[in-house]
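Here's a quick briefing to read with the structure open beside you. Take a look around it, then work through the points below.

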Amino acid sequence: MAQAQAQRLDALRIDRSAHPRRRHGRRWLLWGALAVVLALVVGSLVVGRAPSVRVAEVREARPGEQQTELSAAGFVSSRRRSIIAPQVAGRLVEVAVDEGDAVKKGQVLARLDDRDARVTAARARAELQAAEQRLLAARATGTRARSDLARAERLAQAQVITRASLEESQALAQASSAEEMAASAQLTAARRAVEAAELQLSHTVVRAPFPGTVVRKLADEGAVLAPAALEQENIGGIVELVDLGALEVEAEVSEEQLPRIEVGQPALIFLDAYPDRTFAGKVRSIRPAIDRSKATADVNVEFDEIPPGVLPDMGSRVAFLKEELPPEALTKKDGALRVPASAVVPSEGQSVVWVVQDGRLKRQPVQVGEKVGDEVALAQGPKPGTQVVVSPDERLRTGRKVKVLTEGG
């Protein structure tokens, strides 16, 4: 009876060992759903992110561009530009010029502490005086020894003195001549020592090696300077001096275009700081070396007349002309527009540019003219100042929002 009752109770007992598996299964299902939702959100953010595009502005043609053989970018430089540093080590006690000052050749720029140099120069002059006195004494001794020798020779001929006395007089004369020569050499050395000491003293005064303008002040009073190292041009520098009367433009020309340029070729110079002005110039020199990393050569273009306000390192562009232009042509424009050649791409059988308006893309057909350097002329296209995408790719779509990067930025 009791055994039967126990069996009935066992049949009614709930088996809880299966429930944990059911709860674990539901938990993994929930985590899987959350992972799918998160992946969808991240994917939508990545797909919807605005791509970055580099842009340039459509510009009007500059004067003389129809006669342009090729163009190249560059910057203003000077044929005479130097970091002025002392020739000797020392503590800077005075800087006599400031940035923007015009200086003449030989003008004092700075002074170093010269106390040690003055002591050295004074000691050298004292040694020079001693050497002069030694030479005077040696000459007097030599004169007397030669006189004694002459008298001894006369007495020896008269057989008044012995042969030994004559030889002694001859030895003294020879020794006096040697002392005189040594004293003369010491005097020459002392003079050179004075020259060296005075030269070192003069080096404590730093002077302008050429007329120019101080464009940078590199050190102040109290600085301890050493002669500039060749590997690090600013070490020990006091000021940077530039000859503003020797300004020119240094343009980088690709090596395949180099045969189209020759010395004396007319050119037009356009400065970023003065976008509405055009300056005439000509090729002064072509540097006989190629930059391996960029495959370019430097071409130096001098101004016909250096305009006021032009400064070193200003950005510029040079148009190398097929022939020289009359002065009135510098104010004319041919009406064509210019864009980087990489901005124009083929699409559906026509040439187009991608225009950026209000942060969104717009595809616009253009009519392309001749190529000039790394730009192309547009007979028909967007108005000047319009931003166009440089080197567009397949990600671009009409109406898509983009992040703008200016050319070179």
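Start with the contacts: of those between residues at least 6 apart in sequence, 75% join residues at least 24 apart. Keep in mind that this is a predicted model.

**The whole chain**
- You'll find 4 helices and 24 strands in the chain.
- Out of 409 residues, 35% are buried.
- The chain exposes about 25400 Å², and carbon and sulfur atoms supply 52% of that area.

**Helix H3**
- Helix H3 covers residues 115–157, which makes 43 residues.
- From first C-alpha to last, H3 reaches 63 Å, close to the 63 Å expected at 1.5 Å a residue.
- Which residues of H3 are buried? They include Ala 117, Ala 121, Ala 124, Leu 128, Ala 131 and Leu 135, and the list carries on to Ala 152.
- Here's a handy rule for reading that list: an α-helix has 3.6 residues a turn, so residues three or four places apart point the same way.
- Helix H4 (163–202) is part of what covers the buried residues of H3.
- Just after H3, Gln 159 takes a positive phi of about 60°.

**A four-stranded sheet**
- An open sheet is built from 4 strands in the order E8-E7-E5-E10, with antiparallel pairing.
- Strands E8 (205–207) and E10 (224–225) are at the edges with a single partner strand each, so one side of each has no neighbour in the sheet.
- Strand E5 (residues 90–95) pairs with strand E7 (residues 108–112) over 3 bridges, in the antiparallel sense.
- Glu 94 sits opposite Arg 111 in E7.

Note on methods:
Residues are numbered from 1 along each chain as its sequence is written. This is a predicted model: local features need pLDDT of at least 70, side-chain atom pairs count only at pLDDT 80 or more; totals for chains, interfaces and linings use all residues. Side-chain values use heavy atoms; hydrogens and water are left out. Two strands pair if DSSP finds at least two bridges between them. Helices (H or I, at least four residues) and strands (E, at least two) are DSSP runs, numbered from the N terminus. Buried means under 20% relative accessible area, exposed over 50%, partly exposed in between (1.4 Å probe, protein chains only). Contact means heavy atoms within 4.5 Å. Accessible areas come from the Shrake-Rupley method with a 1.4 Å probe; for residues, only the protein chains shown count as cover. The expected span of a helix is 1.5 Å times one less than its number of residues.
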